[in-house]
Number of protein chains: 2
Amino acid sequence: MRISELSRRTGAPVTTLKYYLREGLVHEGERLSGNQTSYDESHLQRVRLVRALLETGGLSIADAKRVLATLDAREELAYTFAAAQHALGVGGASTTTASDAARRRIDDLAAANDWRTTPDNPGRDVAARVLDDLASIGFEPSDAYLSAYASAASSIAHADVSALRDRATADLTAELMIVGTVLGDALIAGLRRLAQQDATADLFPVSTPSSASSASAPSSTRKARS
Amino acid sequence: MRISELSRRTGAPVTTLKYYLREGLVHEGERLSGNQTSYDESHLQRVRLVRALLETGGLSIADAKRVLATLDAREELAYTFAAAQHALGVGGASTTTASDAARRRIDDLAAANDWRTTPDNPGRDVAARVLDDLASIGFEPSDAYLSAYASAASSIAHADVSALRDRATADLTAELMIVGTVLGDALIAGLRRLAQQDATADLFPVSTPSSASSASAPSSTRKARS
């Protein structure tokens with residue numbers, strides 16, 4: 001197919017596709033006579049994968065390149081998994097590192113849950129930085145709060161691993177490892193928003209029920225908190 | 001204090017602080033004689049909050065501005081909550097919308113969990129887009145997989161709400177609403193990485209144990225997957 005059809009079938013503008021090709025995120029098509037290039041099903045699949053990682057997963061181009069390179073190299077699954085682990089769509093560029101005290105608290109939490117982890121696990125520093133940030137606004141999470149998060153993380157991780165186990169081939173497992181690790185963050189964040197709306201419904205009633213769920217309700221209908 | 005001290009105490013470079021001030025993320029200091037400006041504890045607190053939202057939370061400047069404006073307006077807590085809900089650090093700019101089928105599946109999941117939600121909850125579209133993206137690589141999540149994620153989301157949401165309940169004043173509740181909603185995504189993502197490392201330890205053994213956790217081990221020690 002031509003690039004215009006690839007664009008139509010993936011919903012990605014032609015300029016975006018050319019950008020993906022130039023960055024090496026998508027492999028080159030077959031050069032035909034003149035300046036025509038032909039793309040096939042493998043390009044279709046790859047463009048969808050790239051869009052999932054960048055748009056829904058929020059990965060940077062550099063992170064997407066790194067995980068896709070591991071996928072293409074058909075590495076041992078343990079390495080593909082490590083690459084997927086390092087692709088964290090959550091959080092901006094971290095110019096700050098976590099405090100030792102916060103790291104220790106995360107290590108204690110991991111130990112309490114019998115998690116076999118290594119110090120270079122990227123989740124450790126991300127979680128520890130959250131504790132530092134919460135402390136900076138005067139919130140010291142209770143053990144119950146952290147336990148709830150850790151139990152939730154365990155349940156999700158086991159669901160993730162069960163899904164990996166069910167894939168028919170190593171290549172399909174590798175692909176799900178990467179996509180599932182990245183998109184699982186977005187899935188739990190989305191479901192958390194839904195569950196929070198329910199959990200807070202009784203706690204924070206609004207004066208005008210019809211605008212209860214809109215952040216952009218006209219300010220004349222609002223009552224300042226006392 | 002001078003801007004240099006504000007920089008030292010927050011770890012933010014002076015150029016970054018000036019950027020925050022220009023963008024209105026941090027309120028102006030007090031103009032002294034000449035071109036000296038003085039900052040106080042309120043600036044210190046605010047810079048820490050902004051950095052938490054941008055760096056650990058991964059919010060865009062525009063999103064951070066929006067949630068901080070709600071905080072500053074001292075709105076009714078229900079509105080502050082709605083603004084926090086709309087601040088999703090996860091996911092990139094969404095040029096695609098979810099399919100109706102995916103939205104229906106998320107609605108069914110919410111109904112199965114008795115969640116009282118509204119269609120404009122931003123988590124709904126984020127979660128539904130994940131389902132579409134997973135389907136595009138041929139992975140149709142099982143009901144068990146989605147149930148595990150939904151239960152995890154419920155547990156976290158209840159921990160979040162308990163924490164809000166414990167705050168002494170409405171202003172402190174509002175602050176935690178915003179920071180907790182944004183940073184909770186990073187916390188669960190980080191803990192999920194740790195739990196995954198444990199859950200997959202037996203499933204994907206590596207040939208050289210010493211490089212088990214490194215994505216950048218020299219390729220000569222790797223074995224391609226079969």
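At 8% relative accessibility, B:Phe139 counts as buried, because buried means under 20% relative accessible area, while exposed is over 50% and partly exposed falls in between (1.4 Å probe, protein chains only). B:Tyr145 sits at 6%, so this residue is buried too. Before going on, keep in mind that this is a predicted model, where local features need pLDDT of at least 70 and side-chain atom pairs count only at pLDDT 80 or more, though totals for chains, interfaces and linings use all residues. Residues are numbered from 1 along each chain as its sequence is written, chains are lettered from A and ligands numbered from 1 in the order in which they are written, and side-chain values use heavy atoms, with hydrogens and water left out.

Now for the rings. Rings of Phe, Tyr and Trp (its six-membered ring) pair if their centres lie within 6.5 Å; planes under 30 degrees apart count as stacked, over 60 as edge-to-face and the rest as tilted. Over all chains, that rule gives four aromatic pairs. Take A:Phe139 and A:Tyr145: their ring centres are 5.5 Å apart and their planes stand at 85 degrees, so this pair is edge-to-face. In chain B, B:Phe139 and B:Tyr145 also make an edge-to-face pair, with 5.5 Å centre to centre and 85 degrees between the planes.

Next, look at where the chains touch. Contact here means heavy atoms within 4.5 Å, and 122 residues of chain B are in contact with 122 residues of chain A. The size of an interface is often given as the accessible area lost when the parts come together. For chain B and chain A the buried area (the accessible area, with a 1.4 Å probe, that two parts lose on being put together, summed over both) is about 10700 Å², 61% of it on carbon and sulfur atoms.

What holds charged partners side by side? Side chains of opposite charge can pair when their charged atoms come close. A salt bridge is a side-chain nitrogen of Lys or Arg within 4 Å of a carboxyl oxygen of Asp or Glu. The whole structure has 36 salt bridges over all chains, and the count between chain B and chain A is eight. One salt bridge joins the side chains of A:Arg193 and B:Asp185, at 2.8 Å from N to O. Another is formed by A:Arg116 and B:Asp198, with their closest N and O atoms 2.8 Å apart. This pair crosses between chains, from the loop between α6 and α7 (122–136) of chain A to helix α9 of chain B. A:Arg116 is partly exposed at 44% relative accessible area, whereas B:Asp198 is buried at 11%.

Other salt bridges stay inside one chain. B:Asp72 and B:Arg46 meet at 2.9 Å, N to O. They link distant parts of the chain, helix α4 and helix α3 of chain B, 26 residues apart. B:Asp72 is partly exposed at 46% relative accessibility, and B:Arg46 is buried at 10%. In chain A, the side chains of A:Asp100 and A:Arg103 meet at 3.6 Å, N to O. Both lie in helix α6 (residues 100–112) of chain A, three residues apart, about one turn of the helix; helices here are DSSP runs (H or I, at least four residues), and strands are E runs of at least two, numbered from the N terminus. A:Asp100 is exposed, at 54% relative accessibility.
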